[in-house]
Each structure stands twice: as C-alpha cells, then as structure tokens.
Amino acid sequence: MSATNTQVLLASRPQGWVKESDFRIVENPIPQPKDGEILVKHLYLSLDPYMRGRMSDAKSYAANVAIGGVMVGEIVGEVTQSRHPDYRVGDLVVGRLGWQLYATSNGQGLRKIARGRVPLSAYLGVVGMPGATAWIGLYDIGEPKPGETVVVSAAAGAVGSLVGQLAKIRGCRTVGIAGGKPKCDHVVQELGFDACVDYKAGNVADDLAAATPDGIDVYFENVGGDVFKAVLPRLNPFARIPLCGLVAQYNDTEPRGMPDMRTFLTKRIKLQGFICSDRMERWPEALAQIERWVIEGRIKFHETVAEGLASAPRAFIGMLKGENLGKQIVKLT
Ligand SMILES: NC(=O)c1ccc[n+]([C@@H]2O[C@H](COP(=O)([O-])OP(=O)(O)OC[C@H]3O[C@@H](n4cnc5c(N)ncnc54)[C@H](OP(=O)(O)O)[C@@H]3O)[C@@H](O)[C@H]2O)c1
C-alpha cells in the first residue's frame, strides 16, 4: 500500500481548450473507513468526454466539480478494508470514486464485478457505462431494422466502436465517421463496419454519399459540429437520431447556430437526446448481452491505456483531441 493517497483536483475552470494547468496533483493521507464503509484501492480510472462539462460552471444535468475538488470519474477498484456487512476484502467494484488512488464509500452507487470473465478495465468501457450508452441509444432510441443504414460518428471511440458492431449484429449496413486513416482502417478491418469516412481528409459530404448509397436511417450522434452538417442531407424520411454527445463542441466558448430545421419537418426526423443514467433499468439486460457477445468473440473492443494517475490530465486532453483508439483508460497500479 502506498503511504499516501494521490489525488487529481480541479485547479481552475478551463476557458476553451482544457490545459494541464487546470488540474493540480496532491498527496493526502489515505482515508480510513468508518462503520458501514469500505476502503477501495483504485486499479483503473476511466477518462470520458462528459468530464469536460463537469469542469465548467455551466448548468447541466449533473453537479459540476468544485474548484479544489477531486475530479469526478469512474474507477475499477478492490476493497482493501471493510466495515460494511455486504463487502469483503478482495471484492472488486466499479463506481464513481474519482481521480485518486483510494476512496472510502458506503457502497452507494457501487457495482460489484466478477473476476476473470472479461479484463477488469472492460467494466469501464464495453461492459460499463459506454457500453450501456451504445446499446440503449442504438437499440431503444435508434430502433434500427435489418437492412437499414446506420451511421455513427466518433466511430473508433468507446461508444461509437460498439454502436457499429451492435448495428451489424442487428443486420444493418454500418458506416463509421472517424478522424484519420488508421482509425478508419481499424473500424472496417478490425471491427467489421461496412465503410468508414475520414472526416479529416477529402470531401466528407461526397465520401459519405458514396458510403451510404441508400441514404441514412439511423444517425448515432457523438460529435455535432461540421460532421452533423454533412450527415443531415443524407438522412432518409423517418430517420432517427439518438443524440448521445457533442464532443466537437465541448470546448466551444460561443453557442453554434441551429441546423436547418426544415429538413427535420419535411423528412419527419426524430432526434432525441439521452443520458444513459436516466435509463438504469435497461443496464442489466444491455450489459449482460454485451458481455456474452464479448466472451463469444462477436464484439471486439480496444483500449488506449495511460500509465499512472499523474498521466491522467494529459491523457484526458489527448482523448478530447482524438488521440485515443477505443476506450481511454488510466492504469493506476
Ligand atoms: N449521453 C450519454 O449518456 C453519454 C454517455 C457516454 C458518452 N457520451 C458521449 O458520447 C460521445 C463519445 O464518447 P466516448 O466516451 O466514446 O469518447 P471517445 O469517442 O472514445 O473519444 C472522443 C472522440 O471524439 C472524437 N472527436 C473529438 N473532437 C472531434 C471533432 N471536432 N469532430 C469529430 N470527432 C471528434 C475523437 O475521435 P476522432 O479521432 O475520430 O476525431 C475522440 O477520439 C461523447 O460525445 C460523449 O460525451 C454520452
């Protein structure tokens, strides 16, 4: 056991792009569990785009991190002390215990996980929050039917890479949009998408038209901005858009203009924003099905792993800029 608890705090609210100086790394005593609590040693930390919103003071669906507070984040950890009747030393848990090496918890919001079925870090990705997000957004909101065309942006990332594979399993033509040839090659050759458009090269509108000869029935939106503008004219009548995220806009300092609303009317398009935690009742079915498909080899996943808590700020900024392939994880021990 290391002698102190390393923590990453929010030092300042970023204006525009996040900087490493917006974080501060400190050492504090390891907390001691009270009656009814456990001490968790953190093994892996998840880095996710939503954390950018929590660093700002803009009103959102969840509370922001206070200046000087521990950065919010999900971890996989091991119980090292227990004064809680439901937990034993050695239990493995997933929970939002923050960017630090240890935390105490009364168990609220923690999920116990099994050892040995899938790699532990996968509980932060494909069989965790991003996995549930992809499954709920695509299957419940997108409602894809066999033979339809599904397009997903940030296709080489944690959520997008799974959306495309779930759409393939449903029998759809699946097209990704991602930044750069290596990511597009990965999406098609490793993950089995039918095509992938590199939005950083060529003419996105023309490339998307070539990749979607029958138009687009479901567009799983992860990025917004210019990518959304290229997708809009390709949407078919009665297309569905699960609006999952807008990562291209998270560092904006000014709001962007509205898209052409007439298209939504004339094509009778459904666009629905959603937050995965609003639909917790769907998580057990989603995660059980995804885990089974991962074990059967029907779903593949990739991780980009940064080493050590001190690398988290740099890795987080890199993820927002697209330096990750698949799920961005920090290995803590
Ligand atoms: N609604 C929910 O409950 C929920 C839950 C989880 C995640 N999300 C959202 O889902 C989206 C994906 O999250 P994730 O965890 O899977 O992250 P991720 O895709 O693994 O990582 C973010 C990716 O965004 C892409 N990106 C960044 N700037 C971009 C730009 N200007 N234009 C186009 N793409 C850009 C980058 O890929 P490229 O290299 O391809 O640009 C980067 O790799 C995010 O918007 C996130 O906020 C929502």
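**Notebook: aromatic rings and a cavity**

I counted the aromatic pairs and got 7. The model I am reading is predicted.

**Entry 1. Phe23 and Trp99.** I looked up this pair and found it stacked, with 5.4 Å from centre to centre and 15 degrees between the planes. Stacked is the word because planes under 30 degrees apart count as such. I then asked where the two residues lie. Phe23 belongs to strand S2 (residues 23-29), while Trp99 is in the loop between strand S5 (92-95) and strand S6 (102-105). The pair therefore ties together parts that are 76 residues apart in sequence. I also checked accessibility: both Phe23 and Trp99 are buried.

**Entry 2. Phe220 and Phe274.** Here I noted ring centres 6.3 Å apart and planes at 75 degrees, so I wrote the pair down as edge-to-face. Phe220 is in strand S11 (residues 216-220). Phe274 sits in the loop between strand S13 (270-273) and helix H8 (283-295). The two parts tied together by this pair are 54 residues apart in sequence. Are these two residues buried or exposed? Phe220 has 0% relative accessibility and so counts as buried. Phe274 has 7%, so Phe274 counts as buried too. The cut-off I used for buried is under 20%.

**Entry 3. A cluster.** I went back to Phe23 and Trp99 to see which residue joins them. Ring pairs link Phe23, Trp99 and Phe316 into a cluster.

**Entry 4. Charges over rings.** I next looked for charged ends placed over aromatic rings. Over the ring of Tyr87 I found the charged end of Lys112, 4.8 Å from the ring centre. Over the ring of Tyr139 I found the charged end of Arg170, at 4.0 Å from the centre.

**Entry 5. The cavity.** How many cavities of 30 Å³ or more are there? I count 1. The volume of the largest cavity is about 90 Å³. I listed its lining and got 15 residues. Nearest the centre of the largest cavity lie Val126, Ala158, Phe301, His302 and Lys327. I asked which element gives the most to this lining. Helix H3 (residues 158-169) does, with 4 residues. Last, I sorted the lining of the largest cavity by residue type: 5 nonpolar, 7 polar and 3 charged.

How values were computed: Residues are numbered from 1 along each chain as its sequence is written. This is a predicted model: local features need pLDDT of at least 70, side-chain atom pairs count only at pLDDT 80 or more; totals for chains, interfaces and linings use all residues. Side-chain values use heavy atoms; hydrogens and water are left out. Rings of Phe, Tyr and Trp (its six-membered ring) pair if their centres lie within 6.5 Å; planes under 30 degrees apart count as stacked, over 60 as edge-to-face and the rest as tilted. Buried means under 20% relative accessible area, exposed over 50%, partly exposed in between (1.4 Å probe, protein chains only). A charge sits over a ring if NZ of Lys or CZ of Arg is within 6 Å of the ring centre and within 35 degrees of the ring normal. On a 1 Å grid over the protein atoms alone, a cavity is a set of points where a 1.4 Å probe fits but cannot get out, and a pocket is an open set with protein on both sides within 12 Å along at least five of seven lines; lining residues have an atom within 4 Å of a point. Grid points are joined across faces, edges and corners, and a volume is the space filled by probe spheres set on the points. Ala, Val, Leu, Ile, Met, Phe, Trp, Tyr, Cys and Pro count as nonpolar, Asp, Glu, Lys and Arg as charged, and the others, Gly among them, as polar.
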